[in-house]
Amino acid sequence: MSRPHWIPLESNPDVINKFVGGMGMKLTWQFHDVFGLDAELLAMIPQPACALILLFPINRKHSEHKEEEDAKLKKEGQHVSRNVFFMKQNIGNACGTIGILHAIANNENQLEFGDGFLKTFLAKTKDMTPEERADYLESDDAKSISEAHEASAQEGQTEAPERDESVDLHFVAIVHKDGHLYELDGRKSFPINHGQSSPETFLQDAASVCRSFMERSPGEMRFTIMALAKA
């Protein structure tokens, strides 16, 4: 059975804020552009910030690193807090929405929600496995988010690709949880623990992870970053 495909989202805070607001998140926290990873540019991000969403190009080097990392961690193991919310990605081109859900679900205690999909999603998927959460996103119960995703995908500044078009860009979320920094990518087997972190050092620590993605693709310009931070 073939998996469904959505139209890819654009990395655009205006579009994303409208998207999450329409699903019930109160915009006391919002997504903001990150203009660079130098200290002075990170200082422009409203504080506090609780998540980054990185859009990056998928290429051979990235795919090789992903396979090597997966094999190493399956062999050696890693610490992952039981409080990390992680979900797999089954739906093609849904990585933008899954990155947003990772950012929001791992900071639920700081954010505010009215009635809407997000409040229901967080309650219903709280005790699910990563695979069950992926299945839920495909279910009729999640129809409202698929419709909201489709509408948001048409609102970017660039023309949206076709639904089944092969897209070589991918979103991941980076969050702090229980003293560690995690990369959350629904196409990976599990969360990736990038070491110790804290709310105070989160931006600098997450920027270091973003730099590692960029260093694997020297000369590549198609990176964008958004921060979830106080409005």
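1. A residue is called buried when its relative accessible area is under 20%, exposed when the value is over 50%, and partly exposed in between, with a 1.4 Å probe and protein chains only. This is a predicted model, in which local features need pLDDT of at least 70 and side-chain atom pairs count only at pLDDT 80 or more, while totals for chains, interfaces and linings use all residues. Residues are numbered from 1 along each chain as its sequence is written, and side-chain values use heavy atoms, with hydrogens and water left out.

2. Arg-3 has a relative accessible area of 44% and is therefore partly exposed. Arg-3 belongs to the segment before α1, where helices (H or I, at least four residues) are DSSP runs numbered from the N terminus. Neighbours within four places in sequence aside, Arg-3 is in contact with Asn-90, Asp-135 and Glu-138, contact meaning heavy atoms within 4.5 Å.

3. A nonpolar core is a set of buried Ala, Val, Leu, Ile, Met, Phe, Trp, Tyr and Cys residues joined through side-chain atoms within 4.5 Å. The largest one has 45 residues, and those touching the most other members are Val-20, Met-25, Ile-100, Leu-118, Ile-145 and Leu-228. Helix α4 (residues 95-105) gives the most to this core, namely seven residues. Apart from it lies another core, of 22 residues, including Val-34, Ile-174, Leu-203 and Ala-207.

4. How do α1 and α4 pack, and at what angle? Helix α1 (residues 13-22) and α4 meet at about 65 degrees with axes 12 Å apart, the axes being lines fitted to C-alpha atoms over the stretch in contact, and angles running from 0 to 180 degrees between N-to-C directions. On the α1 side Ile-16, Phe-19 and Val-20 take part, and they meet Thr-97, Ile-100 and Ile-104 of α4. By class, this contact has five nonpolar residues, one polar and no charged ones, with Ala, Val, Leu, Ile, Met, Phe, Trp, Tyr, Cys and Pro counted as nonpolar, Asp, Glu, Lys and Arg as charged, and the others, Gly among them, as polar.

5. The structure holds zero disulfides, a disulfide being a pair of cysteine sulfur atoms within 2.5 Å. The sulfur of Cys-210 is 14 Å from the closest cysteine sulfur, in Cys-50, and therefore too far for a bond. Cys-50 counts as buried because its relative accessibility is 4%, and Cys-210 counts as buried at 0%.

Definitions and conventions:
Helix = DSSP H or I, 4+ residues; strand = E, 2+ residues; numbered from the N terminus.
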